[in-house]
Amino acid sequence: MVWISIEESLDESNGALLASRIANRIYDLRKLGDFNGDNVVIRDGLSKPSALLPSKIRKIFQSVKERIGTQCVQFLTCTKRGVRNTCLWNESSEPATSLEELSQSYIDYIVSDPHVVYRMNGEDTFQLPSGVESSIFYRVGNVQKDIFVLDDIFIFLFSHLRTCKTIVAETWSISTICYHAAKRIGKICGRDEPDVLFLSNYFDDTGEPERELNDILTKAVLDQQTPVTLMFSATASGLSWERIKRRIRPHLTSNRDLKVVSLLKLGHGASIPHLCKQKHVETSTNGKAAYAVPINKKTYFPDFVSPAQVSILSFTNGYKRFFERYAGRNIFKVHANSHTIKSLPSRHNAFYVNCEELVQTDEFRDRLKEKIKDLSAPKTLLFLDTAPNIAIADLIDDCFDIQTFKVAGAGFDELIKSILSVRADQLAGPIWILDSIAISGTTLGLYAKLVRDYLPATNVTFLIGLDRPDTTDKLRKRAQNLRHVTGPNGQYLAVEQVVLPDWGQGQCPWCKELRLLGGIPNTGNDEEDAPRNNRKSLLFSPDGLDDDVYLVDRERISDGTLRLGPRSLFLETSEVAGEVSQADIVCCVAAVAQQWRTDSKSVVFKRAVIEDGSQILPLTTVVGPTTFNDPVIRAALWRVFSLGEILPSLRNELSEFDRQFTAIVSAISSDVLNPLALEGAILLKGRLSKLQITVDELKTFEAHIVGAIHSEG
């Protein structure tokens, strides 16, 4: 089955266009082999109630029936009276799948996302808020990804919400679903939106939930805001609700005033109406598990309490060889502007890879040859007219010992004109699209649109010099996202791959440093002002930094202080052809940090928080003041992590964290750490005011900067 969601409601003015788009989408899925079934479900837009009769909807889609190419097509739409499930091709036939079956199938699919379902291995379990233990926990709130999912869920909830005047959710974690449903009810039913309320306490034995719900129901009756729909994110046995219902005044829980619905039914005994039943969930209350991880009743996240056992060290090997191949060659910079496409404005990069230098290296040439040696030689190359792209095109010709036909342009408009200006027989296949770098995927998307619009029915191969998205998941999905244009005979290839933060001026650590220094006024003392103004001038340069990456007082720095030591876990100098720069190191550390930060398997970093007095602090720390031996590695870690990511939560750990940073910033720690006084001050910023910093041991420039940051906090 394939599910198609429409954003805007189908009507006579847009019907032909929307039908054509839907048919093209289904056709593409068939072409790629992603859909080989015979059932299609189309969900109408929900911006207004449907005014089209089923016969009119059938007539709109009749013109694209052949392109859709399936016998069973259902169209779901909302009217004021309810959800209409229409069979498009046969007026007399019942829809192949009922609304209840569609609800089960759809919700089952979206809750299978690893960000929604948490699974325990071995004998350990989760202790659900109700006290039941289970090897599986669903954080249903994590399905709330976009408006399409919210509308899809609403269409299944509509029968439970159509007449209600108040929606009460048992947890704030499904707040977006509830608020969105209220807005849709107002538009579809043409009346005031229902009130939306949330219980502040989970259904437990404290007595608070029933008192709170009793007050809500009483007020709803008095204010004539009934019926009320109570919505659960998930129910296991349903016993909590039955127990609490018996404690609420009976006239408030009558079917006339109160309806109850659960998005997920997890247990066999739950009698609450639901959208989806998860039959495979096994629960127990015998308490025999080796360890039961509690679910926090406020955050609805598992309270993993020992993430310190896993650290950044497990990710240091991820891209180590990549940086060792290209370090020492003026390829990596920080805080640099680039001109990736001549027709676009300059782009700021906190971490910059110079592809013009990269593609000239022997290492890149060798890896390119290895990557394409088993492919059929291309006859046509398409690319934007940049120096790195031209160099890659020449390398391809050299590898295959041929002369390919090249179509280039300074921008996409010019590239399209070049395509249209040549004869069709000149654009012979195989066709390869070249680009030296892919970051966000925007340029790849423009290439894909170009192929779709101007080279239909063409299978192309994408060859990227360096694929450097900001998450490991994007790295894995690049090829999948382009399958509709690569087709069965094309593919997506990247010579090199690395994950790096895609930080512009807003997040760039050196832009933040520049703003911080810019907020410190001149004193009139040249010994204090000159180093700061020189540093600002250096940071204003658009060419970026390869050394002088850190804010330090040169009086305290010797040649070897911020150089990488031997046998580093991040980057081994003995494996690098040239001299390792500070930018080489910090880019490598940033890649390791970003991989750890964003890897979907690294649940440790996405940790819950606990309240510590007036502050909300992370659960643990693995990157502290004295982590790793080399001060240059410490400085790099402080640059690529925010303070909130590395603060410990336990009071004794926090005290030690503050004590160590106090010594570093005050330059009373050690000869190895004292040069990082200013780097420590930049990391701490506002927190610096909470520490007892002394400036007696600081150099004049250091004392000026530290004092200014301390007073600002």
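1. Start with the largest cavity: its lining is made up of Ile107, Ile110, Val111, Val140, Val143, Ile153, Leu263 and Leu264. By cavity I mean a set of points, on a 1 Å grid over the protein atoms alone, where a 1.4 Å probe fits but cannot get out; lining residues have an atom within 4 Å of a point. About 40 Å³ of space lies in there, volume being the space filled by probe spheres set on points joined across faces, edges and corners.

2. A caution: this is a predicted model, where local features need pLDDT of at least 70, side-chain atom pairs count only at pLDDT 80 or more, and totals for chains, interfaces and linings use all residues. Residues are numbered from 1 along each chain as its sequence is written, and side-chain values use heavy atoms, with hydrogens and water left out.

3. That largest-cavity lining has eight nonpolar, no polar and no charged residues (Ala, Val, Leu, Ile, Met, Phe, Trp, Tyr, Cys and Pro count as nonpolar; Asp, Glu, Lys and Arg as charged; the others, Gly among them, as polar).

4. The second largest cavity, at about 30 Å³, is lined by Leu150, Ile153, Phe154, Ile177, His180 and Ala181. Five of these are nonpolar and one is polar, with no charged residue.

5. Now the largest pocket, about 1800 Å³ in volume. A pocket here is an open set with protein on both sides within 12 Å along at least five of seven lines. Its lining runs to 43 residues, with Val2, Trp3, Arg25, Leu29 and Tyr109 nearest the centre. By class, the pocket lining holds 18 nonpolar, nine polar and 16 charged residues.
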